[in-house]
Amino acid sequence: MEKRGCTIIAVASGKGGVGKSTVSANLAIALARMGVKVGLVDADIYGPSQPRLLASEGQKPLAEDSKMFPIIGAGGVPMLSMGHLVEPGKAIAWRGPMAGNALSQLVDAHWGDAEVLIVDMPPGTGDIQLSMIQKHKPAGAVIVSTPQDLALMDATRAISLFEQAGVPMIGLVENMAGYACPHCGEVSDPFGAGGAESAARTMGMPFLGRIPLSIGIRLASDAGTPPATADGAEAEPFTAIAARVKDWLAARG
């Protein structure tokens, strides 16, 4: 579905802690560096992290005619998050309908000439996911998982939710895939290896790429300077994934 000229791409996972928000932020930045006019919606209403990832904490969006204007985050990406509307660290204790209304305000903002909206979904398959699918049906979904069997089980549930709603799968991303020791260079696989790629093959969906477990990515994310804002080895996995998503967008016409 097109939202006021925007193609909505949901970035989702079956469970938390798999790096979905990091993937969302770097995907948006990498697409922007490729010339795509992209915006980023942090739809994780209860646990917004994009203001930290994109160095926009403490900023408040302006509004006109009851619609908000995005804030410009790291990499020049326009973005909106519940983290811009509440005090840092404050719990958001809202029931489903209130959270759904908040999501609509973020999506239905003044996105200007944005062509693509990357929506960082909350983990799981609850009220907010259903609101997103029913009210703002995405054109496609990217699923993020670690190689671990438990994470893949939950990722399969997220895939099932989108497929039941007729939302096409853009592909699966394997995050935290291998850790290279900074001292000896030996690569270990604390979360397993290749599980997401194998799962994608089994389910007949594209595998978009793998991202290593890297302290550099973690430090850059905490500092609000996502790796995709620059060139280098840590940006390469995100750039490759973004290129595949851009190809998918081009194939849609």
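This is a predicted model: local features need pLDDT of at least 70, side-chain atom pairs count only at pLDDT 80 or more; totals for chains, interfaces and linings use all residues.

User: What volume does the largest pocket have?
Analyst: The volume is about 400 Å³. There are 25 lining residues, and Val18, Gly19, Thr22, Asn175 and Met176 are the closest to the centre of the pocket.

User: Which helices supply at least two residues of that lining?
Analyst: Helix H1 (20–33), helix H2 (50–53) and helix H7 (215–222) each do.

User: And which one gives the most?
Analyst: H7, with four residues in the lining of the largest pocket.

User: OK, switching to packing. Which residues touch the most other members in the largest nonpolar core?
Analyst: Val41, Trp111, Ile143 and Phe162, in a core of 40 residues. Several helices and strands each supply at least two residues of this core, including strand E2 (6–12), helix H3 (96–107), strand E9 (140–145) and helix H5 (149–164). The largest share, six residues, comes from H5.

User: What does Phe162 touch, leaving out residues up to four places away in sequence?
Analyst: Phe162 touches Ala10, Ala12, Ile133, Ala141, Ile143, Val167 and Met169.

User: What about a second core, how many residues are in it?
Analyst: The second core has 35 residues and is separate. Leu27, Val38, Leu53 and Ile211 are among them.

Note on methods:
Residues are numbered from 1 along each chain as its sequence is written. Side-chain values use heavy atoms; hydrogens and water are left out. On a 1 Å grid over the protein atoms alone, a cavity is a set of points where a 1.4 Å probe fits but cannot get out, and a pocket is an open set with protein on both sides within 12 Å along at least five of seven lines; lining residues have an atom within 4 Å of a point. Grid points are joined across faces, edges and corners, and a volume is the space filled by probe spheres set on the points. A nonpolar core is a set of buried Ala, Val, Leu, Ile, Met, Phe, Trp, Tyr and Cys residues joined through side-chain atoms within 4.5 Å. Buried means under 20% relative accessible area, exposed over 50%, partly exposed in between (1.4 Å probe, protein chains only). Contact means heavy atoms within 4.5 Å.
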